[in-house]
Amino acid sequence: SFLGAKSGISSLLGSDRGSRQETSQTVTGVHNGHKARMHSQASRSRSTLRQSIQTIVFADSFPGAVFFVIASNIVVLGVEADYRARSIQQDIGDALLVLDVIQALYTLIFVVELYLRVWAEGC
């Protein structure tokens, strides 16, 4: 009898709490309606951007483009090694500085490529 009364009170309290939560959620929903629309638009925008990135990354030509960048980086590394060896015996001016800038650009390209691949996979 006591347990039955306790469960009856709990169910009444539970329904009262539920209605308070629903009211709170309704007010919050109205208040955040604008935010929800903005979030929805941002989500669609991100989704469209991700689809565009996936189209680029999963295209048949993307690995070929990455291969070209890697191959050209190998050539630049060879030129840089030659210039560094020559710089020991003679003054070669600002060539090493230019090659360092080129290497920084290659590094940036490889970081962007990695970022695009990760983003396209959804990680």
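This is a predicted model: local features need pLDDT of at least 70, side-chain atom pairs count only at pLDDT 80 or more; totals for chains, interfaces and linings use all residues.
Modeller: A residue is called buried when its relative accessible area is under 20%, exposed when it is over 50%, and partly exposed in between. Glu113 has a relative accessible area of 17%, so Glu113 is buried.

Biologist: Where is Glu113 found, and which residues beyond its neighbours within four places in sequence is Glu113 in contact with?

Modeller: Glu113 is in helix 4. Apart from those neighbours, Glu113 is in contact with Phe62 and Val66. Both Phe62 and Val66 are buried residues of helix 3.

Biologist: Which residue forms a salt bridge with Glu113?

Modeller: The partner is Arg117, and the closest N and O atoms are 2.5 Å apart.

Biologist: Let me step back to the whole chain. How many helices and strands does the chain have?

Modeller: There are 4 helices and 0 strands, and the order from the N terminus is α-α-α-α. Of the 123 residues in the chain, 15% are buried. The accessible surface is about 9600 Å², with 65% of that belonging to carbon and sulfur atoms. As for contacts with a separation of 6 or more, 64% of them are between residues 24 or more positions apart.

Biologist: How is a helix span to be read, and what does helix 4 reach from its first C-alpha to its last?

Modeller: The span is compared with what is expected at 1.5 Å a residue. Helix 4, with 27 residues, reaches 39 Å, close to the expected 39 Å. Helix 3 has 29 residues and reaches 43 Å, close to the expected 42 Å. After helix 4 comes Gly122, with a positive phi near 85 degrees.

Biologist: Which residues make up the largest nonpolar core?

Modeller: A core is a set of buried nonpolar residues joined through side-chain atoms within 4.5 Å. Here the largest one has 7 residues: Val69, Val76, Ile92, Ala95, Leu96, Leu99 and Tyr106. Helix 3 (61–89) and helix 4 (95–121) each supply at least two residues of this core. Helix 4 gives the largest share, 4 residues. A second, separate core has 5 residues, among them Ile53, Phe62, Val66 and Ala120.

Biologist: Ile92 is in the largest core. What is Ile92 in contact with, leaving aside neighbours within four places in sequence?

Modeller: With Tyr83, Arg86 and Ser87.

Biologist: Which residues of helix 4 are buried?

Modeller: They are Ala95, Leu96, Leu99, Gln103, Tyr106, Glu113 and Ala120. Gln103 is one to look at: Gln103 is buried at 15% relative accessible area, and its contacts beyond neighbours within four places are Asn73, Val76, Leu77 and Glu80. In helix 3, the buried residues include Asn73, Val76 and Glu80.

Biologist: What about the surface: which residues make a nonpolar patch there?

Modeller: Leu97, Val101, Leu105, Leu108 and Val112 make a nonpolar surface patch of about 460 Å². Leu105, found in helix 4, counts as partly exposed because its relative accessibility is 49%.

Biologist: How many salt bridges are counted?

Modeller: The count is 4. Besides the Arg117 and Glu113 pair, Asp82 and Arg86 meet at 3.2 Å, N to O. Asp82 and Arg86 are 4 residues apart in helix 3, so about one helical turn separates them. Asp82, at 35% relative accessible area, is partly exposed, and Arg86, at 40%, is partly exposed too.

Technical notes:
Residues are numbered from 1 along each chain as its sequence is written. Side-chain values use heavy atoms; hydrogens and water are left out. Buried means under 20% relative accessible area, exposed over 50%, partly exposed in between (1.4 Å probe, protein chains only). Contact means heavy atoms within 4.5 Å. Accessible areas come from the Shrake-Rupley method with a 1.4 Å probe; for residues, only the protein chains shown count as cover. The expected span of a helix is 1.5 Å times one less than its number of residues. Patches are made of residues with over 30% relative accessible area and no salt bridge: like charges are joined within 9 Å, nonpolar side chains (Val, Leu, Ile, Met, Phe, Trp, Tyr) within 5 Å. A salt bridge is a side-chain nitrogen of Lys or Arg within 4 Å of a carboxyl oxygen of Asp or Glu.
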